Amino acid sequence: SYSFCTLLVCTVHPHMSKKCHVLFVRHGERLDEVDRYRWMREATDEDHHDPPLTDRGRLQAQDAARLIKEELGERPKDEVKLYVSPSVRTLATAAELGTVLGLEEMKIAPGLYACAAAAQHFGLENLFFAAPGTTRFTDATRDKLEPHPEPLGHTNDTFEAAVHRIVDATPDGHTAIIVTHREGMYSHNEQYGQHIRVHYCCTCVYSCTYDPETPDSREWVMHGAKIPKLDH
């Protein structure tokens, strides 16, 4: 007689690592840095920390968008998301990017402003930001904010916490475009050994790989920086 033994083989799959692409973009030229007296006349006590883009700044954003479009190649639009600091200048920059790239929506992440000098001085939670429907925004910006999506994160987020939220929300293989401020980009670049002057609308291209079960395992790799010609 024969006896049969069934051998059960259990394969344990390790946690799948996730890799996404993250493009950090500084906003375009801001009014107070080219015409301080005009901004002093136009600013209010509430919004003095939040100057708009200049016309040149909008052109820089359009030029940056064309460089980003080359970087993205044939990537489907539904695999690219636009995240932005709540300031007028970053929202206007993001609107120009979205128009050129064909992205219909941008999501505000309040913590992306936490790195800015005004937030460091006054506290992000104490600052006023213009409502999307006000005259401080161009039609292009208002269009990208309607319907206004729920913000990602909170006003007590640090810059890095906001970036981590965005990475966590980005599916494997997808791309997040983050429109923010030079202080945050300096800090992020230096943290990963990159010392780059962050010009207006400079775009720093990264990939981030990590195990979703162990978020602290994030590994960032920088693949280069792109600077619009109009910055020179």
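Let me start with a working term: two residues are in contact when they have heavy atoms within 4.5 Å of each other. Now, a word on the source: this is a predicted model, where local features need pLDDT of at least 70, side-chain atom pairs count only at pLDDT 80 or more, and totals for chains, interfaces and linings use all residues. Residues are numbered from 1 along each chain as its sequence is written, and side-chain values use heavy atoms, with hydrogens and water left out.

First, the overall picture. The protein chain has seven helices and six strands; these are DSSP runs numbered from the N terminus, with helices being H or I of at least four residues and strands E of at least two. Of its 232 residues, 48% are buried, meaning under 20% relative accessible area with a 1.4 Å probe, protein chains only.

Is Leu 101 buried or exposed? It counts as buried because its relative accessibility is 8%. Beyond neighbours within four places in sequence, Leu 101 contacts Ala 65, Ile 68, Lys 69, Leu 72, Lys 77 and Ile 177.

Several of those names take us to helix α2, residues 55-72. Among the buried residues of α2 are Ala 65, Ile 68 and Leu 72, and the cover over the buried residues of α2 includes α3, along with β1, β2, β4 and β5. Just past the end of α2, Gly 73 has a positive phi of about 60 degrees.

One last thing, friends: Val 80 is 21 residues from Leu 101 in sequence, with 9.5 Å between their C-alpha atoms.

Conventions. Buried < 20%, exposed > 50% of the residue type's maximum accessible area, 1.4 Å probe, protein only. Expected span 1.5 Å × (residues − 1).
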